[in-house]
Amino acid sequence: MQTHNQISDSICAIATAPGIGAIAVIRLSGADAINISNKVFFGKDITQVESHTAHFGTIRDGEKIVDEVLVTVFKGKKSFTGENSVEISTHGSPYIQQQVLQLLLKNGAKAAGPGEFTLRAFLNGKMDLSQAEAVADVIAANSESSHELAMSQMRGGFSNEIQKLRNELIHFASLIELELDFGEEDVEFADRDDLKELVLKLNKALTLLINSFDYGNVIKTGVPVAIVGEPNVGKSTLLNALLNEERAIVSDIAGTTRDTIEDEIVINGISYRFIDTAGIRETTDEIEGLGIKKSFEKIDSASIILLLVDASSISKEQLKKDVNNIENRIEGKNKRLIVIANKIDKSDLTTIEAKFEGIENVIFTSAKELQNIDNIKEQLYHFVKDGVLQNTDVIVTNARHFEALSKANESLIKVLEGLDVNITGDFLAMDIRQALHQLGEITGEITTDDLLDNIFSKFCIGK
């Protein structure tokens with residue numbers, strides 16, 4: 001990984017996914033990127049062309065033509081990285097890709113490490129650190145909602161909010177620091193009531209951002225949904241119906257599912273990870289018992305629990321017991337229980353509905369006959385839509401940001417506590433500086449090489 005003092009090298013890497021494809025793209029970036037490319041490209045002298053222009057020609061190793069290519073040139077601050085950059089589009093043969101890459105390395109380029117192009121964009125002031133991290137999220141996005149969140153952050157939505165909060169605090173920090181310079185004269189430049197009002201305002205804003213992380217994380221990684229219930233109530237059939245494929249084994253033999261099965265679907269742009277768990281019941285079977293233990297673990301890790309019951313045979317007493325067991329397990333947690341009354345095709349609907357009086361969030365269905373499956377999907381969508389999308393305009397999806405926001409908020413709470421007991425300005429200044437430090441780490445105004453290494457090492461090579 002290159003650091004602040006090591007960006008004089010020109011780097012290169014294959015930017016497209018490994019394997020055979022119609023085309024492949026090799027990227028270069030650095031002061032000598034255009035000169036190095038010009039040594040192996042024949043068709044036009046690309047050292048003399050305008051920025052953001054594409055040129056057809058050949059890549060040659062001496063007299064040998066390696067491939068016919070299209071070379072795109074980006075100059076200086078106008079490029080993604082903020083320095084001279086070249087993209088060479090070749091045919092997608094892995095052999096050709098490696099030949100072109102080796103030629104560039106032989107002519108003075110260095111092999112890029114993970115995320116080095118985006119790191120250079122950050123170091124050259126093309127984006128802040130939170131925007132750089134969002135680049136990786138855009139690449140990894142697998143649903144409309146996760147893509148929209150990542151795009152918003154990459155375009156500065158989150159960092160603008162952090163910068164605004166930080167700037168407001170900097171003003172008072174400077175006044176407190178000024179007081180310390182005149183400590184012997186016992187003057188007060190920072191009005192304590194105004195400072196308290198500001199810190200309360202910032203505390204409220206940070207709390208909203210911190211609370212949005214649970215939502216943002218499930219949008220980014222997929223909302224975990226656990227399907228639980230006794231054996232042979234139709235959990236695997238329901239999973240297959242939701243996924244619209246034969247993903248799980250369906251059998252009349254109780255306890256067929258001995259482990260958890262996971263799969264993913266997208267509902268209205270939001271990704272959901274469905275987990276079909278082993279049936280929950282008393283058992284002496286050691287293997288089935290391990291599956292049941294995992295089922296309870298999945299309930300603890302899920303955001304939504306679908307409690308599936310056999311509506312045609314369950315008693316009202318057992319139903320209440322099952323519902324109470326789940327509700328007690330999730331009480332006080334940001335989770336939702338939806339009761340699915342399955343197999344309504346096997347009994348009179350009026351009789352079935354009477355059993356469920358007083359039970360909230362019930363959906364009557366026949367998974368085998370695909371009845372009301374769309375209603376289940378709609379309820380799943382509204383759980384996220386009502387809880388997430390209306391929660392706040394800015395949603396936190398990054399664990400590093402969550403940790404920094406939490407620490408910044410802790411420092412602000414210390415400022416409030418200090419104001420209540422009239423502590424001196426030097427102690428207030430310490431806590432304010434700490435809050436500013438944590439907020440600055442989010443956007444990259446305060447960084448270390450270790451922090452940058454940790455962030456960009458998770459990127460793919462070529463980005």
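In which sense does α5 pass α8, in a left-handed or a right-handed crossing?

A: This is a predicted model, in which local features need pLDDT of at least 70 and side-chain atom pairs count only at pLDDT 80 or more, while totals for chains, interfaces and linings use all residues. Residues are numbered from 1 along each chain as its sequence is written, and side-chain values use heavy atoms, without hydrogens or water.

The crossing of α5 past α8 is left-handed (the near helix is turned anticlockwise from the far one by less than a right angle; clockwise would be right-handed). In this pair, the contact is formed by S145, S146 and L149 on the α5 side and by G216, I219 and K220 on the α8 side (contact means heavy atoms within 4.5 Å). Sorted by class, the residues where α5 meets α8 are two nonpolar, three polar and one charged (Ala, Val, Leu, Ile, Met, Phe, Trp, Tyr, Cys and Pro are nonpolar, Asp, Glu, Lys and Arg charged, the others, Gly among them, polar).

As for the geometry, helix α5 covers residues 144–154 and helix α8 covers residues 213–221, and their axes come within 7 Å of each other and cross at roughly 120° (axes are lines fitted to C-alpha atoms over the stretch in contact, with angles from 0 to 180 degrees between N-to-C directions). The two helices α5 and α8 are therefore oblique to each other (under 35 degrees is roughly parallel, over 145 roughly antiparallel, 65 to 115 roughly perpendicular, the rest oblique).

Helix α4, residues 129–140, and helix α16, residues 449–456, have axes that come within 11 Å and cross at roughly 20°, which makes α4 roughly parallel to α16. Here L129, A132 and E133 of α4 meet L451, L452, I455 and F456 of α16, and this contact has six nonpolar residues, no polar ones and one charged.

Turning to a strand, V86 lies in β6, which runs over residues 85–92, and V86 counts as buried because its relative accessibility is 0% (buried is under 20%, exposed over 50%, partly exposed in between, with a 1.4 Å probe and protein chains only). Although V86 and R27 are 59 residues apart in sequence, their C-alpha atoms are 5.8 Å apart in space. Leaving out residues up to four places away in sequence, V86 touches several residues, including I26, R27, L28 and V71. Across the chain of 463 residues, 49% count as buried.

Conventions:
Helices (H or I, at least four residues) and strands (E, at least two) are DSSP runs, numbered from the N terminus.
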